[in-house]
Structure formats: structure tokens, C-alpha cells
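Hi everyone, thanks for making the time. Have a look at the picture on the screen, and then I'll walk you through a few spots.

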Amino acid sequence: MGTKKYSYDDKVQVVKKFMEGYPSSRLVKEFKLTHRNRIYEWRDQVLEGGYEALKDYRGVKNKAHHQSCERSLKNENEYLKLEVKYLKKLLELQRG
């Protein structure tokens, strides 16, 4: 018997709801999951690598995958730099 595939969007919804406090038994029924352990696996993947870690790259050439990951990390890095810059400026303004 083959492994059931779940869409990236479904995985994200399951993890978000789980982290909001939805019971795993409810999520198993709502999303027709094969087992509740799947929720914990996805949660752990997100905690370790962000929601990007839930994407299924099987069958995708490694080079394209690595380029996509690199691009994603560069975008995240740029965003975080801007966020730090913004927060520093906000602190400056609060200190007067």
C-alpha cells in the first residue's frame, strides 16, 4: 500500500491549527489523516525548518531544489535584516 500524499497547503493548515490548540483527534478526522503521528512529524519539521520544510521535493532535480531553497533563505534573510533595522529605529524613537 502506498503512502498517502497531502498537499503543502493542507500540511500548513494542520500545523497552524494544531499549534493554535486544536486537538489532534479533530484534525485527523477533518483532514482525513492516516495517523495522528503525522501531525507531530509536520510540527517538528516546521519548528526545525519553517513551513518551507513541509514542501515535497521528491522527483525534483536537486539543483533546482537547492536554488529554490537558497532563494528562499536569501529572501528570509533580507526580511529579517529589515525587521531588525525597523526594530532598532523603533527603540531609538522610544528612547527619545
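Okay, let's begin at Ser 24, which lies in helix α2. When I say helix, I mean a DSSP run of H or I with at least four residues, while a strand is a run of E with at least two, and both are numbered from the N terminus. Before going on, a word on the source: this is a predicted model, where local features need pLDDT of at least 70 and side-chain atom pairs count only at pLDDT 80 or more, while totals for chains, interfaces and linings use all residues. Residues are numbered from 1 along each chain as its sequence is written, and side-chain values use heavy atoms, with hydrogens and water left out.

So, is Ser 24 buried or exposed? Ser 24 is buried, with a relative accessible area of 10%. The cut-offs: buried is under 20% relative accessible area, exposed is over 50%, and partly exposed is in between, using a 1.4 Å probe and protein chains only. Not counting residues up to four places away in sequence, Ser 24 touches Phe 18, Arg 36, Ile 39 and Tyr 40, where contact means heavy atoms within 4.5 Å.

Also in helix α2 is Phe 31, and Phe 31 is buried too, at 14%. Leaving out residues up to four places away, Phe 31 touches Lys 4, Tyr 6, Asp 10, Gln 13, Val 14 and Lys 17. Take Asp 10: Phe 31 is 21 residues from Asp 10 in sequence, and the two are 7.5 Å apart in space, C-alpha to C-alpha.

Next comes Lys 32, in the loop between α2 (24–31) and α3 (37–49). Lys 32 is exposed, with a relative accessible area of 60%. Its phi is positive, about 55°, although Lys 32 is not a glycine.

Now the inside. The largest nonpolar core has 13 residues, and those with the most contacts inside it are Val 14, Leu 27, Leu 33, Ile 39, Trp 42 and Leu 54. A nonpolar core here is a set of buried Ala, Val, Leu, Ile, Met, Phe, Trp, Tyr and Cys residues joined through side-chain atoms within 4.5 Å. Two or more residues come from each of α1 (8–20), α2 and α3, and α1 gives the largest share of this core, four residues. As for Leu 27, setting aside neighbours within four places in sequence, its contacts include Val 14, Leu 33 and Ile 39.

Let's move to Lys 11, in helix α1. Lys 11 counts as buried, at 11% relative accessibility. What does the side chain of Lys 11 reach? It is the backbone oxygen of Leu 54, at 3.1 Å.

Lys 11 also brings us to the largest pocket: 14 residues line this pocket, and Lys 11, Arg 38, Trp 42, Asp 56 and Arg 58 lie nearest its centre. The lining divides into four nonpolar, two polar and eight charged residues, and α3 gives the most to the lining, with four residues. On terms, Ala, Val, Leu, Ile, Met, Phe, Trp, Tyr, Cys and Pro count as nonpolar, Asp, Glu, Lys and Arg as charged, and the others, Gly among them, as polar. A pocket is an open set of points on a 1 Å grid over the protein atoms alone, where a 1.4 Å probe fits, with protein on both sides within 12 Å along at least five of seven lines; lining residues have an atom within 4 Å of a point.

How values were computed:
Polar contact = N/O pair within 3.5 Å; in protein donor to acceptor, adjacent residues only side chain to side chain.
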